[in-house]
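Please keep the sequence and the structure at hand while reading.

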Amino acid sequence: MARKTAWVVFALVVLVSLIGTPAVFAQDDDGPSNRIMTVTTFKVPFPDRGTVFPWMEQYFHPGGQLNPNVINYRWMVHNWGSNAAAVVIAAEYAEWADIQADCGQPCDDWQEANQPPDEGTPEREEYDKAQALFNKYYAHHSDEIYVSLMEEAKSEGRVVGTVGRGEDDDDDDGM
């Protein structure tokens, strides 16, 4: 009996998701399109940031900064709040498929021009140490994907959609 109830609940959740999702993300034809946001979080203690952050700047961030599929890219460090070791990386995409789309030539060129130092050199030892520290902390990262509802967004100081509810907004749209 419990198994049958679980299947019924599962079926209802799927049905509600299929029916409700378009309404939640519906927008006017004239309004801005919604965006997809990826948010990665992990912790890097202050003593290791002097090693990890320069490595990230040279070998990790260019993949987001140069990728033509990425509309906006930010990496943020803790300024105020409950976790001083927090690091957040956020990337914005126009479409879901852009998340896994190949970066292409810009990233290929960067990687070719910024190869890891040669084996057996002091620079390689530094690189390996920084990469190992990055991997140590990044191994415990979390990834989230969000839909950014652009109708209520503000970007670069400019309101993207509308402010408040418009006259044609339905009262039963769940928002």
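**The disulfide**

Cys 103 and Cys 107 are joined by a disulfide, with an S to S distance of 2.0 Å. This is a predicted model, and the distances and angles given here are computed from it. A disulfide is a covalent bond between the sulfur atoms of two cysteines. The angle about the S-S bond is 80°, and the link of Cys 103 and Cys 107 is right-handed. Both of these residues, Cys 103 and Cys 107, are buried. The count of disulfides comes to one.

**Overall make-up**

Five helices and six strands are found in the protein chain. Their order along the sequence is α-β-α-α-β-β-α-α-β-β-β. Of the 175 residues in the protein chain, 26% are buried.

**A negative surface patch**

Asp 102, Asp 108, Asp 109 and Glu 112 form a patch of negative charge on the surface. One of these residues, Glu 112, belongs to helix H4, which covers residues 105-113. Glu 112 has a relative accessible area of 59% and counts as exposed because this value is over the 50% cut-off.

**Salt bridges**

Side chains of opposite charge can pair when their charged atoms come close. Across the whole structure, four salt bridges are found.

| Pair | N to O distance |
|---|---|
| Arg 74 and Glu 156 | 3.4 Å |

What does the salt bridge between the side chains of Arg 74 and Glu 156 tie together? Arg 74 lies in strand S2 (residues 70-77), whereas Glu 156 lies in the loop between strand S5 (154-155) and strand S6 (158-159), so the pair ties together parts that are 82 residues apart in sequence. Arg 74 has a relative accessibility of 43% and therefore counts as partly exposed. Glu 156, at 67% relative accessibility, counts as exposed.

The backbone of Glu 156 also deserves a remark. Most residues other than glycine have a negative phi. Phi of Glu 156 is near 50°, a positive value in a residue other than glycine. This residue, Glu 156, is found in the loop between S5 and S6.

**A network around Arg 124**

Salt bridges link Glu 119, Arg 124 and Asp 128 in a network.

Glu 119, at 60% relative accessibility, counts as exposed. Asp 128 has a relative accessibility of 32% and therefore counts as partly exposed.

Definitions and conventions. Residues numbered from 1 in each chain as written. Predicted model: local features only at pLDDT ≥ 70, side-chain atom pairs only at ≥ 80, totals over all residues. Heavy atoms only, no water. Patch = residues over 30% accessible without salt bridge, like charges linked within 9 Å, V, L, I, M, F, W, Y side chains within 5 Å. Areas by Shrake-Rupley, 256 points an atom, 1.4 Å probe, with all protein chains shown as cover. Lys, Arg positive; Asp, Glu negative; His and termini not counted. Charge placed at Lys NZ, Arg CZ, Asp CG, Glu CD. Helix = DSSP H or I, 4+ residues; strand = E, 2+ residues; numbered from the N terminus. Buried < 20%, exposed > 50% of the residue type's maximum accessible area, 1.4 Å probe, protein only. Disulfide = S-S within 2.5 Å.
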